[in-house]
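Student: Can we go through this one together? I'd like to start with the ligand.

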Amino acid sequence: MHSPLLDPYRGPNLHLPNRAAMAPMTRSRADDVTGVPTPIMAAYYAQRAAAGLIVSEGIWPHRLGKGGPGVPGLTDPAQVAGWREVTRAVHAEGGRIFAQLWHVGRVSHPDLLDGARPVAPSAVAITSGAVHTADGPKPYVRPRELSTAEVAASVEAHAEAARNAVAAGFDGVEVSAAYGYLLAQFLADSANRRTDGYADHVRFPIEVVEAVAAAIGPERTALRISPDHTQLDIVEADPATRYRRLVGALDGTGLAYLHVVQSGAYPALADLRPRWGGTLMATYDGPEPGGHERAEHAVRTGLADVYAFGRLFLANPDLPRRLAAGAGFNRPLKTGRYGGGAEGYLDYPRLDG
Ligand SMILES: Cc1cc2nc3c(=O)[nH]c(=O)nc-3n(C[C@H](O)[C@H](O)[C@H](O)COP(=O)(O)O)c2cc1C
């Protein structure tokens, strides 16, 4: 049967040749000291240029936003030059690529920040789990609370990184407010105990998106959210109310798309779809890689306009062709998932012929 994921998409601010996007995935292969993308990263993304849209791995927009060894940045000319090679390779293969801006806030560690303490909305540490450093896993540290002026500076850092993304040839920017990282920390009751204006949980994410949109144009700006996703000690007391406010504030501002990760008990996708007049990209996050039948159902029923696959795209660089052929899929391996060289990165086979 014809897959609706293969239909072109012509949205208000986004035109794509198909609806099977590649979800952002950290792969930790940038130069760890400089944060500059390496040549194998250009090859990796170019292999996946048949995606309707590629969303890059998370990229730090500020040096205190780095989330792990080998995670790339977008804060200086060398990083911009490195990314230019990536975007050029993707465009040469006929693809499109957005940069994901990913400030991890309290999920970082002094080892990743030249000894600096990670920053967060409030000085509340993550109590379980560990942060991945060059010396292996380490416990999370108590972060430093950002001053009101520093929060405003962080808004501007995101805008500056977005300008860098465009200078590097990216077609747009996806701001991460998902999965428990800095913007999601502001959104969460468990991580945001501020008493200034940013005690309003949605204020910082809205300001970041508005600043990025003002810097590079709303049609090149997108937002990723994962309502009610509880990893990294995130507790949202009333996700429906909070995300309706966030989405309501940004609806009608002409963004490229809203990216909703469906993973919690709150049915975010169904609840927010009618409240969002623009393009909606969806990802279901569960223990198994996102099934294409569920993605097709979401697009066929209008729940999503575009669907972003993570692990299936990681393991199947020619995913749209496999969908068209009704072919099977390579399984994503743990080998080479984070860090390393070409193994588990560039060597997933394509269909023959
Ligand atoms: C190796 C790996 C790295 C990831 N890195 C990021 C990231 O940098 N930013 C992000 O927003 N999501 C990240 N994710 C989450 C994916 O974008 C996606 O939401 C999740 O894998 C569920 O989709 P799937 O079932 O299609 O894999 C990552 C997932 C994987 C497997």
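**Ligand and rings**

Tutor: Start with Gly58. One of its polar backbone atoms is 3.2 Å from an oxygen atom of the ligand. Keep in mind that this is a predicted model.

Student: Okay. What lies 2.8 Å from an oxygen atom of the ligand?

Tutor: That is a backbone N or O atom of Gly310.

Student: And which residue puts a polar side-chain atom 2.7 Å from a ligand oxygen?

Tutor: Tyr179 does. The protein also covers the ligand: it buries 92% of the 610 Å² that the ligand exposes when taken alone.

Student: How many residues surround the ligand?

Tutor: There are 19. The closest are Pro24, Thr26, Tyr179, Gly290 and Arg311.

Student: What classes are in that shell?

Tutor: Eight residues are nonpolar, six are polar and five are charged.

Student: Which pocket does the ligand take up?

Tutor: The largest pocket.

Student: New topic: rings. How many aromatic pairs are in the whole structure?

Tutor: A search finds 10.

Student: Which residues do ring pairs link into a cluster?

Tutor: Tyr44, Tyr45 and Tyr345. Tyr345 also has a charge over its ring: the charged end of Arg29 sits there, 3.9 Å from the ring centre.

Student: What about Arg203? Which ring does it lie over?

Tutor: Arg203 lies over the face of Tyr198. The distance to the ring centre is 4.1 Å.

Terms used: Residues numbered from 1 in each chain as written. Predicted model: local features only at pLDDT ≥ 70, side-chain atom pairs only at ≥ 80, totals over all residues. Heavy atoms only, no water. Near = heavy atom within 4 Å. Polar contact = N/O pair within 3.5 Å; in protein donor to acceptor, adjacent residues only side chain to side chain. Areas by Shrake-Rupley, 256 points an atom, 1.4 Å probe, with all protein chains shown as cover. 1 Å grid on protein atoms, 1.4 Å probe; cavity = no way out; pocket = protein on both sides within 12 Å on 5 of 7 lines; lining within 4 Å. Sits in = over half its atoms within 2 Å of the grid points. Nonpolar A, V, L, I, M, F, W, Y, C, P; charged D, E, K, R; others polar. Phe/Tyr/Trp six-rings, centres within 6.5 Å; stacked < 30°, edge-to-face > 60°. Lys NZ or Arg CZ within 6 Å of the ring centre and 35° of its normal.
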